[in-house]
Amino acid sequence: MTGETAAVDVSIPSIARVYDYLLGGHDNYEADRRVGDFFINDLPGSVAIAHANRQALTRAVAAIAADGIDQFIDIGSGLPTVDNVHQVAQRHRPGAKVVYVDNDPIVLAHGRALLQTDDRTTVIQADLREPEAIAQHADVRRLIDFDKPVGVIFSAILHHLNDSEDPRELVRWWVDRVPAGSEFYISHFRTGHNEETSAAEEKLQETFGRGRWRSDAEILALFGDDLEILPPGLTYCSRWRPAPAAPDVETIGVAERELTVWEHLIACVLARKP
């Protein structure tokens, strides 16, 4: 990792790179792996949070595309992995356009390498707390038509904002920016009021100086009062519109099996602007 990553202090862990490590990726450093190893070794089973979140995102993008939306802004996208947003969207809408937004310069470097032959998709380096700068970015203006419905994605990112940073107002900014028919997807750490929640939340605060688990009511409040919550509402990521099992496979479906304590700690919801 050289070139554009040369200015990055790799001794400081990155949220995007920790997620990459937990998902089995290779675009991470020792500092990121130390944080990831805490979750793997000291909180065994907690990696299920990252996997359940990623799988639900894939299903959500497919659902948004199935509703006729062919342009997406993925805010706090993280590093490229398997079945990225643009790949899922373009399977359902071949002309779909996608903008990835992240503040990690390594995401920018790897995203550009992945997308260098796809002129319908781009990645920009920006801070999700500065939505105006995102909307006015040249690549966003090139790809996204704000007069048509947009799929706005906040996958596992708003829980990295403290209350003082007003994540509800941030979502509201985008709700006001896009037209009727646009859809918003949020996945978020969900408080379980248990030892597992406390240990994981404490580690994120200790490492990044930010982050807050929220209750179901607090997560739904991020949407404000005038969005239509789509079925099945706010639920555990593992149970959000689960993919049907293959008819020739004899397995217990996710709807029937008991979820782990870790799967209870990540929830998601999709809403539409009327």
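The model is predicted, so local features need pLDDT of at least 70 and side-chain atom pairs count only at pLDDT 80 or more, whereas totals for chains, interfaces and linings use all residues. Residues are numbered from 1 along each chain as its sequence is written, and side-chain values use heavy atoms, with hydrogens and water left out.

I begin with the cysteines. How many disulfides are there? A disulfide is a pair of cysteine sulfur atoms within 2.5 Å, and by this rule the count is zero. For Cys 237, the closest cysteine sulfur belongs to Cys 268 and lies 3.6 Å away, which is too far for a bond. Cys 237 is buried, at 0% relative accessibility, and Cys 268 is likewise buried, with a relative accessible area of 0%. Here, buried means under 20% relative accessible area, exposed means over 50%, and partly exposed lies in between, using a 1.4 Å probe and protein chains only.

I turn next to the backbone. The peptide bond from Pro 231 to Pro 232 is cis, with omega near 5°. Pro 232 sits in the loop between strand S6 (228–229) and strand S7 (235–236). Helices (H or I, at least four residues) and strands (E, at least two) are DSSP runs, numbered from the N terminus.

Finally, I consider phi. His 193, a residue other than glycine, has a positive phi near 50°. His 193 lies in the loop between strand S5 (183–189) and helix H9 (195–208), and is exposed at 73% relative accessibility. Arg 241, also not a glycine, has a positive phi of about 40°. Arg 241 belongs to the loop between S7 and strand S8 (266–272), and is partly exposed, at 32% relative accessible area.
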